[in-house]
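Open the model in your viewer and keep the selection panel at hand.

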2 protein chains.
Amino acid sequence: MSRRPDADVPGLVARARDGERRAVARLISLVEDESPALRDVAAALAPHTGGAHVVGVTGAPGVGKSTSVSALVRAWREAGLRVGVLAIDPSSPFSGGALLGDRVRMGDHATDDGVFIRSMAARGHLGGLAWSTPQAVRVLDAAGFDVVVVETVGVGQSEVEVAGLADSTVVLLAPGLGDGVQAAKAGILEVGDVYVVNKADRDGADQVARELRAMLALAQRPDDAWRPPVLRTTAQSGDGVPEVVAAIGDHRSWVGESGALTRRRARRARAEIEAVALATLRARWGGLGGSAGDLDALAAAVVAGELDPYTAADRLAGGA
Amino acid sequence: MSRRPDADVPGLVARARDGERRAVARLISLVEDESPALRDVAAALAPHTGGAHVVGVTGAPGVGKSTSVSALVRAWREAGLRVGVLAIDPSSPFSGGALLGDRVRMGDHATDDGVFIRSMAARGHLGGLAWSTPQAVRVLDAAGFDVVVVETVGVGQSEVEVAGLADSTVVLLAPGLGDGVQAAKAGILEVGDVYVVNKADRDGADQVARELRAMLALAQRPDDAWRPPVLRTTAQSGDGVPEVVAAIGDHRSWVGESGALTRRRARRARAEIEAVALATLRARWGGLGGSAGDLDALAAAVVAGELDPYTAADRLAGGA
């Protein structure tokens, strides 16, 4: 009868690094549930991070994301790499319900200890990918996975967020979804390092690829910048998948050699630190589950017209 | 040749309170552009705020929002009230382009000094309604408008945000948009104080109203809570509009008498203060246009695995 089952964080990290799947799952749950052990977990992981190649995969519903990710995982496994997958489910504010989906999705990877797949809620109450996903990425990174895939549905801001998280971002499209013309609108032209037109066996795939190439060609890029390739796959059969794996590898080499990787990771770390710091401050101010403090009194003064929100904010932030 | 045309903030506020439309527009531009005079503007407005009834109007594209708002404005004007409208355009990251739209929309209100209509970008670089819209509401409130309408397209989180801003929230629906069944998904059931099925002359309006009533009836509400009515309009012809105006007025009376208004406004002020404080801190940390400071060094340590993001965040927030 252990009174504090979470207490052995170093032990969990050691077992996760030894490849024990349950330890990995437990660590992700700890960060996802914002366990009190969260800070211990983060501290124990830190020295072991930085080795994984973090690959974002995004695309609108219907482009074949799950099938594509599964095909990529298979290819990486054949190359001897261990692969972790975080599938972000934007429709769920909870994470528990995703377990069945994970089991279904594991499919042919279910008995392979070199693959770990986990669904996560997009929005915890602290808001967005900015919070728990980067910590889950750190768990998989520290556990020694060579590739960590973060899979998101491309809706609203999430493409941009996943691009902020990843070392390399793969944007999936497919014919028949109106993606061609809408690509520019959706903001995907800025975020992709590798573009993949999936369902290439269907009518319209050529046109989607052509339109996409034309739009990418219009973008102003420095001479020494990475030129995102536009590839075609039929993920269901595996056609074209090796080329995508190669392109992702090329991009990883390029960001490593050009110095872009360090810049991307520093930007990611800044966003992460900031998100944690802001959440900490909000809790301290009583805005989010913390004890109501100065903020209530300041808000009452603003409602009464005795104070303006800027002066109130300065008092709040000044005393943070 | 005035070197600092922004300097006479008290004068601008006085002229805005005298009903001078250009002064109102100038003040909104100052807050929207995050002018250095922003804090002076906020301080000068504060003593004059609290009088306006802030009404949020939201609905999916195609429900007839502009026509409905125009019909409401006409009805309020006939009752002798001055009305300001902030139309939030989520598709535009900029505000400049909205000017032509405003002129077109002014239509029959163009020569009426008792109406002020302004389009605003939904997302400034500081993010969301949370930032500039509440300040623009304060400008119109302080300028003596009796009703301030905040009109938003119901996509993603914006219904929830507008409900946070408003004293009373009107949710518009229409037949033929698949709104009926999707209402629950979109989260609109929690935010509306008054529901309006517009285009009531079209097939399916009855069904939308019926489904909506059935879903609202399922919601758990305390006995003394406000029961949101479901009304029907044909905004184009004005049918049903007086009933909507009356329901909005009833809701204003109810929130005033029940104490809910003070709670709503305090919640709004807390969110506002927090948003400003967080933006101030982010700028101070160098995250958003501020001078790069501690954050860069902390991020580098996190990338190197020498520090975890929580410890880094504590150092940042502790020293804020």
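Select A:V24, A:I273, B:V24 and B:I273. Within the largest nonpolar core, which has 101 residues, these four touch the most other members. A nonpolar core here is a set of buried Ala, Val, Leu, Ile, Met, Phe, Trp, Tyr and Cys residues joined through side-chain atoms within 4.5 Å. Buried means under 20% relative accessible area, with a 1.4 Å probe and protein chains only.

This is a predicted model: local features need pLDDT of at least 70, side-chain atom pairs count only at pLDDT 80 or more, and totals for chains, interfaces and linings use all residues. Residues are numbered from 1 along each chain as its sequence is written, chains are lettered from A in the order in which they are written, and side-chain values use heavy atoms, without hydrogens and water.

Stay on B:I273. Beyond its neighbours within four places in sequence, B:I273 is in contact (heavy atoms within 4.5 Å) with residues including A:L295, A:L298, A:V302 and A:L316. Next, select A:V115, A:V149, A:V245 and A:A247. They belong to a second, separate core of 26 residues.

Now go to B:D308. It sits in the loop between α13 (294-303) and α14 (309-318) of chain B. B:D308 is buried but has no salt bridge, meaning a side-chain nitrogen of Lys or Arg within 4 Å of a carboxyl oxygen of Asp or Glu. The nearest side chain of opposite charge, A:R39, is 6.7 Å away. Show the backbone nitrogen of B:Y310: a polar atom of the B:D308 side chain lies 2.8 Å from it.

Finally, superpose chain B on chain A. A turn of 180 degrees and a shift of 0.0 Å along the axis give an RMSD of 0.1 Å, by least squares on the C-alpha atoms of residues with pLDDT of at least 70 in both. That is the relation of a two-fold axis.

Definitions and conventions: Buried < 20%, exposed > 50% of the residue type's maximum accessible area, 1.4 Å probe, protein only. Helix = DSSP H or I, 4+ residues; strand = E, 2+ residues; numbered from the N terminus. Lys, Arg positive; Asp, Glu negative; His and termini not counted. Polar contact = N/O pair within 3.5 Å; in protein donor to acceptor, adjacent residues only side chain to side chain.
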